[in-house]
Amino acid sequence: MKFMIASDIHGSALYCRQMLDAFEREGAGRLLLLGDILYHGPRNDLPEGYAPKEVIAMLNPVKEYLLCVRGNCDTEVDQMVLDFPILADYCFMELPCGGQDTVTIFATHGHVYNPHHLPTMRSGDILLNGHTHIPACEEILGMNGGKYRYLNPGSVSIPKEGSAHSYMVYENGTFIWKNLDGEEYMSWKTDLRF
């Protein structure tokens with residue numbers, strides 16, 4: 001199955017629409033949202049097209065395709081208006097990466113678990129989070145000597161450090177970073193782990 005991964009919509013109806021257009025264009029089976037869905041947060045300026053009620057109206061009809069983790073700007077009041085669960089702090093995913101092999105992904109927003117505060121993982125696992133609004137694909141050496149891969153899709157609505165409004169797709173063992181127009185700008189194949 002093909003997955004699309006996005007983070008940090010921050011209530012922008014403009015960029016949420018572009019993200020959903022990309023989801024349709026990609027033909028992915030699921031869309032994993034890594035948090036910060038409706039609220040822009042006190043540290044961010046209002047994103048272009050800020051309209052949380054419109055974001056709600058766009059996401060609720062596609063709820064059966066969505067998997068979500070909680071961002072630092074997501075609250076119980078957000079859950080009251082969204083028809084899909086958003087309050088899990090993390091999730092584990094086992095995804096096929098060729099043949100009988102799988103890759104284990106610890107998906108979270110990034111404000112609690114991140115490259116500087118790793119969750120319990122095995123060497124070779126992937127830490128997937130948003131929060132920084134900066135795309136990333138980095139090898140991390142853990143305190144226990146294990147090697148991990150840190151991946152970040154960047155931000156849909158408020159990219160930082162000159163990065164693009166972006167998302168990722170995962171299919172057949174490869175992660176691909178794309179801007180919202182669908183142009184690829186980075187990729188990583190899981191069989192090239194370390």
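Author: Let's start with Glu26, which is buried at a relative accessible area of 10%. Keep in mind that this is a predicted model.

Reader: Okay, and why call Glu26 buried at that value?

Author: The cut-off for buried is under 20% relative accessible area. Glu26 comes in at 10%, so it gets that label.

Reader: How should I read a salt bridge, and how many does the structure hold?

Author: The general idea goes like this: side chains of opposite charge can pair when their charged atoms come close. Here, the structure holds three salt bridges.

Reader: Which residues form a salt bridge with Glu26?

Author: Lys2 is one partner, with N to O at 2.9 Å. That pair ties together distant parts of the chain: Glu26 sits in helix 1 (residues 13-26) and Lys2 in the segment before strand 1 (3-6), 24 residues apart. Lys178 is another partner, its closest N and O atoms with Glu26 being 2.9 Å apart. Here too, distant parts are linked, as Lys178 is in strand 10 (residues 174-179), 152 residues from Glu26. Put together, Lys2, Glu26 and Lys178 make a network of salt bridges.

Reader: Are the lysines buried or exposed?

Author: Lys2 is buried, as is Glu26. Lys178 is buried as well, with a relative accessible area of 14%.

Reader: And where do Arg17 and Asp21 lie?

Author: Both are in helix 1, four residues apart, or about one turn of the helix. As for accessibility, Arg17 is partly exposed at 37%, and Asp21 is partly exposed at 35%.

Technical notes: Residues are numbered from 1 along each chain as its sequence is written. This is a predicted model: local features need pLDDT of at least 70, side-chain atom pairs count only at pLDDT 80 or more; totals for chains, interfaces and linings use all residues. Side-chain values use heavy atoms; hydrogens and water are left out. A salt bridge is a side-chain nitrogen of Lys or Arg within 4 Å of a carboxyl oxygen of Asp or Glu. Helices (H or I, at least four residues) and strands (E, at least two) are DSSP runs, numbered from the N terminus. Buried means under 20% relative accessible area, exposed over 50%, partly exposed in between (1.4 Å probe, protein chains only).
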